[in-house]
Structure formats: C-alpha cells, structure tokens
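This briefing is for a reader who has the sequence and the coordinates at hand. It goes through the topics one at a time.

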Amino acid sequence: MAALFAHRLQLSAIVASVVLLGSIVELVRKHRLQEAYSLLWLSFGVVFVVFSVWRSGLELFAHLLGIAYAPAALFLLLLIAIFLILIQFSIVVSRLSESNRALAQELALLREELRRATRAPNDAAP
Amino acid sequence: MSEQHVRIAVIIPAFNEAASIAETIADAASLALDQELVVVNDGSRDATSSIARATGRATVLDLPVNLGIGGAVQTGFRYAARAGHDIVVQFDGDGQHVAAEIERLIAPIRAQQADVVIGSRFVERGSSPGAFRSTRSRRLGIRLLALANWLLAGRWVRDSTSGFRAYNREAVAFLADRYPADYPEPEALVLLGRNGFRLVEVPVVMRERQGGRSSIAGLRSAHYMIKVLLAMLMTALRPAVRR
C-alpha cells in the first residue's frame, strides 16, 4: 500500500513538472514569453522533471548537501528558483522604469519641438 | 562668460499647480535677465499646462505620465542641454522660491567660482526675517543628510534638500543623463561632489509653503530618510564617471 502511494506521488510529480516545462515552452513558442526571460523557468523545469523521474537522484543530491530528509532538498531547490526568478523580475522592472522615464522625457521634448515646427497656436495639453 | 550673453533657463517642475503656476511664472518672468522659463508639467491632471501656456511667457514641456520631481527636473536639464543655455536654475512651482533671489543664486557661477549653487535656508544672512523655521525632527533629518553628504562626498552642504539651485553648462550636461529619480536633491549632491563639481551654498530667503504639503512630511519621513541615505550610499559606492 505504501509502495503504491509513493508510486502515485511520483507519478503526479512527473506529470506536474512535465506540464510546467511544457507550458513554459508553449509560452515561448507563442511569443508570450521572451526566450531571455524563459531561461530560468526552463532550467528549473528541467531540474524538477529530472528529480521527479530519478528519485534516487534527489536523495543523492540531499545527501551531498547533508540534508537528512530528501523532500526538504526539493523545497530548497524551489526556494532558490523562486528567489532567482524574482530577482530577475526586479532587475527587469528597474530597467523598464528607467527606459520608460527616458521615453516620457523624450516625448515631452519632441512634442515641444513639433509644436514649434508646426507653429500651432496654444494647444492645450490633454 | 560675458555678462550680456548669459542665457539662463529657469526650470519650473509643476505637478497639479494650477492654483499657483501663473503667479510663479509672473514672478520668474519679472527678472531683468535673459531667461527662458521652462515649465515641466509632470503629468498634471489639472489645468497647469494650459494656464502656463496661456501666460505666453513660458516654454511648457508636457510629460505624458507623472515621473516625480527627479524625472521632471531632468527633463528640463535635457531641454537646456540641447538648447545650449549657459546657466540652469531649478525653481519650484509651488511658490516657495523667490525669483528675486535668483541673481544671488547665479552669482558664483557667473564669477566662475562654482559649478553648482545651492540656495540654502540655513546659511546665516544677518537676522533675516525670512529665516527658515522648521520642526526639530525635520532639522535633525536635514543635519543627518548634511553629515552623510560630508562623509560620502566630502562636501559640507547644510541644506541638502533645497531644490533652489543653479547649475552651469557642464553640470547640466552631466545631470541630463544621470539625474536621480525619486527624491533627488541630497543624492544629486553626492553624485556631483564625487565627480569633482564645485558646490557652493548661498543664503536665500524662501517663502512659507503656499499650498500643498512637503513631499517629505509626516509618517513618510522615516521612509524618506532611509531611502535617501541608501541612495546616497549607493551613489558613493559607484565609481566616479568624470574627472
């Protein structure tokens, strides 16, 4: 009974990680996620697929890190994945706000240049 | 720089200042200098832009979104850097700054004794009735910023949050690309100090705030201090990019 339960758990782990990996690939394929930002997701997706298929691999990994309880190693991996992806998000957001600021400023300057070039009378701003 | 041909840009950042912008423009336009007033409308939702335009005495730059004071002032720097003004004056649109003090502010730049001049409420100037009064905690905060500025950039500026400033051409070109974003005044001083710009502080009279509240009042001030000190420290940790 216990063996069957472990078997079912492994099966759902495999299904879940394959679905995760598949969805990431699908998002990139449909251009909804850029390759550059999919790298971290893809690598961790692969890691989870590998460890759900190769259970003793997870135990080996846990042993190498001195973690007594193998599933805890999985949580550790998950946390690392989330941390890295969130840091990447913060970097991307910072870069976007930086370029957003430059674009807004350039737009204000161009509007003024255009207004002068066309010699339009006082046009109220929106 | 010959006295006759000094072209000055007065940058007036304005966010929802419809009530006071016309008066600010009239005040700044009254100077007997060759000044271009540049109102940077920081995505106001009121009539700030149209009122400023209707005066016919100011160039109005309309930002499509609200960038905050740093982004607005930087827009003015970019404008002045391209238009080739000799001196840029930063002048708040909320009625705190007095245009009559601009001559005093730009004097050290005209005399080529400074690259950046900060109009200070603290530097002694006789027993001026306009002397700045403030709460104890705010004074403490400003002292702390001055100390941080001295430790990080080796410059002693007492009123490091003052937004009444003048810059020469070189400083404007420098800041057009690098002006800090959120609460820029103290951070900009570290940046300028570490990059070898000469900072001079001159005493000026400022009015009591007309309407609105200081962007650094109330419960937000602790958050402000932490954020500004962090930004100053980070600026100091970056290598100098000039000189």
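The model is predicted. Chain B touches chain A through 23 of its residues, which meet 16 residues of chain A. Over all chains, the count of salt bridges is 13.

**Interface between chain B and chain A**

- About 1600 Å² is buried between chain B and chain A, and carbon and sulfur atoms account for 54% of that area.
- Nine residue pairs are in polar contact between chain B and chain A, counting pairs with both residues at pLDDT 80 or more.
- On the side of chain B that touches chain A, at least two residues each come from helix H2 (48-54), strand E3 (58-62) and helix H3 (69-83) of chain B.
- The most is given by H3(B), which supplies seven residues to the side of chain B that touches chain A.
- By residue type, the side of chain B that touches chain A has 11 nonpolar, seven polar and five charged residues.

**Salt bridges between the chains**

- Two salt bridges are counted between chain B and chain A.
- A salt bridge links Arg116(A) to Glu36(B), with 3.5 Å between the closest N and O atoms.
- Side chains of opposite charge can pair when their charged atoms come close.

**A salt bridge within chain A**

- Arg115(A) and Glu112(A) form a salt bridge through their side chains, at 3.4 Å from N to O.
- Arg115(A) and Glu112(A) are about one helical turn apart because they lie three residues from each other in helix H4 of chain A.

**Nonpolar surface patch on chain A**

- Leu20(A), Trp41(A), Phe75(A), Leu78(A), Ile82(A), Leu86(A) and Phe89(A) make up a nonpolar surface patch of about 650 Å².
- Helix H4 of chain A, residues 70-118, gives the most to the nonpolar patch, with five residues.
- Leu78(A), one of the patch residues, is placed in helix H4 of chain A.

**Surroundings of Gln10(A)**

- Gln10(A) lies in helix H1 of chain A, which spans residues 2-29.
- Leaving aside residues up to four places away in sequence, Gln10(A) touches Ser52(A), Val53(A) and Arg55(A).
- With Val53(A), the side chain of Gln10(A) reaches the backbone oxygen at 3.0 Å.

Definitions and conventions. Residues are numbered from 1 along each chain as its sequence is written. Chains are lettered from A and ligands numbered from 1 in the order in which they are written. This is a predicted model: local features need pLDDT of at least 70, side-chain atom pairs count only at pLDDT 80 or more; totals for chains, interfaces and linings use all residues. Side-chain values use heavy atoms; hydrogens and water are left out. Contact means heavy atoms within 4.5 Å. Buried area is the accessible area (1.4 Å probe) that two parts lose on being put together, summed over both. A salt bridge is a side-chain nitrogen of Lys or Arg within 4 Å of a carboxyl oxygen of Asp or Glu. A polar contact is a pair of N or O atoms within 3.5 Å; within protein, one must be able to donate a hydrogen and the other to accept it, and residues adjacent in sequence count only if both atoms are side-chain atoms. Helices (H or I, at least four residues) and strands (E, at least two) are DSSP runs, numbered from the N terminus. Ala, Val, Leu, Ile, Met, Phe, Trp, Tyr, Cys and Pro count as nonpolar, Asp, Glu, Lys and Arg as charged, and the others, Gly among them, as polar. Patches are made of residues with over 30% relative accessible area and no salt bridge: like charges are joined within 9 Å, nonpolar side chains (Val, Leu, Ile, Met, Phe, Trp, Tyr) within 5 Å. Accessible areas come from the Shrake-Rupley method with a 1.4 Å probe; for residues, only the protein chains shown count as cover.
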